[in-house]
Structures are given as C-alpha cells and as structure tokens.
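I set out to record what I looked up in this structure, entry by entry.

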Amino acid sequence: MATHPIHSVEAGIILIADGCDMTKGRARIPLEIPSKPTESDIHKYSANSIEKVKIGRGNERPLKIEIHMRAEVGFFQVEEVLIPKIQSSPAKSLLELYAGVEDEEMKRYM
C-alpha cells in the first residue's frame, strides 16, 4: 500500500494503522512450522520480537506511536515496514514515533 499515492489524511491514518499491526503472534504459525532458513525469515523473526504497539497522545504532536520489543531484530519491522508507510502518508506530520528494546532507552524516529 505504501507504493500508491495517498491524498487524504484519513487514508493516511489507515495506512499507518495497517503498519502498526505488527505485534508478536502475527508470525507465530510460520515460526512453529519447521523449515530451512530463507531470505524472508527476517519478517517473521522481527514481528515475533514486537511485544506491544501503543498509540496515544503525543507530547509535541497529536499522536504518539511507541513500539516495545524484546530484541533488536524488531527494528526491521519499524524501519522497513512501518516507516515507509508513514513517509508516504499525509498524516506523518501529526505523529511522533518511538521504538525500543525492553529496559533500554527508546529511539525517536520522528
């Protein structure tokens, strides 16, 4: 979806919301099926490391997205899946994005 031009804020918010659907459990079944490693494995391992995604009121902008993960591989989900959707959304100026590994300082993206 991030490859098609989005013109309304409402559609941009839906695009971002779709990108936020990344918590663990989304890749549970592929992890349970024994298989040889492939190039696409990074998606299932990164999604499985995302503990929770919190969306709430921002400090500087109206919305804040916080992504909490248990391993650094989760940054792949943030940087390769969510951020391209945010970048192509007319709503990108309305949000703050933070991500981090448990017990470490959150990284601010925007």
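Before the first entry I note a definition: a residue is buried under 20% relative accessible area, exposed over 50%, and partly exposed in between. The model I examined is a predicted one.

Entry on the core. I looked up the largest nonpolar core and found 18 residues in it. Those with the most contacts inside it are Ile16, Ile67, Met69, Leu82 and Leu97. Helix H1 (9–20), strand S2 (63–69), helix H4 (75–87) and S3 each give two or more residues to this core. H4 gives the most, with five residues.

Entry on salt bridges. I searched the whole structure and found six salt bridges. In one of them Lys85 pairs with Asp18, with the closest N and O atoms 2.4 Å apart. Lys85 lies in helix H4 and Asp18 in helix H1, so this pair ties together parts that are 67 residues apart in sequence. Asp18 has a relative accessible area of 37%, so I class Asp18 as partly exposed. Lys85, at 12%, is buried.

I next looked up Glu66 and Lys54, whose side chains meet in a salt bridge (3.9 Å, N to O). Glu66 lies in strand S2 and Lys54 in strand S1 (residues 50–57). Glu66 is buried at 16%, whereas Lys54 is partly exposed at 42%.

Entry on the surface. I found a patch of negative charge where Glu72, Glu102, Asp103 and Glu104 gather. Glu102 lies in the loop between strand S3 (95–101) and strand S4 (107–108).

Notes. Residues numbered from 1 in each chain as written. Predicted model: local features only at pLDDT ≥ 70, side-chain atom pairs only at ≥ 80, totals over all residues. Heavy atoms only, no water. Patch = residues over 30% accessible without salt bridge, like charges linked within 9 Å, V, L, I, M, F, W, Y side chains within 5 Å. Areas by Shrake-Rupley, 256 points an atom, 1.4 Å probe, with all protein chains shown as cover. Salt bridge = Lys/Arg side-chain N within 4 Å of Asp/Glu carboxyl O. Lys, Arg positive; Asp, Glu negative; His and termini not counted. Charge placed at Lys NZ, Arg CZ, Asp CG, Glu CD. Helix = DSSP H or I, 4+ residues; strand = E, 2+ residues; numbered from the N terminus. Core = buried A, V, L, I, M, F, W, Y, C linked by side-chain atoms within 4.5 Å. Buried < 20%, exposed > 50% of the residue type's maximum accessible area, 1.4 Å probe, protein only.
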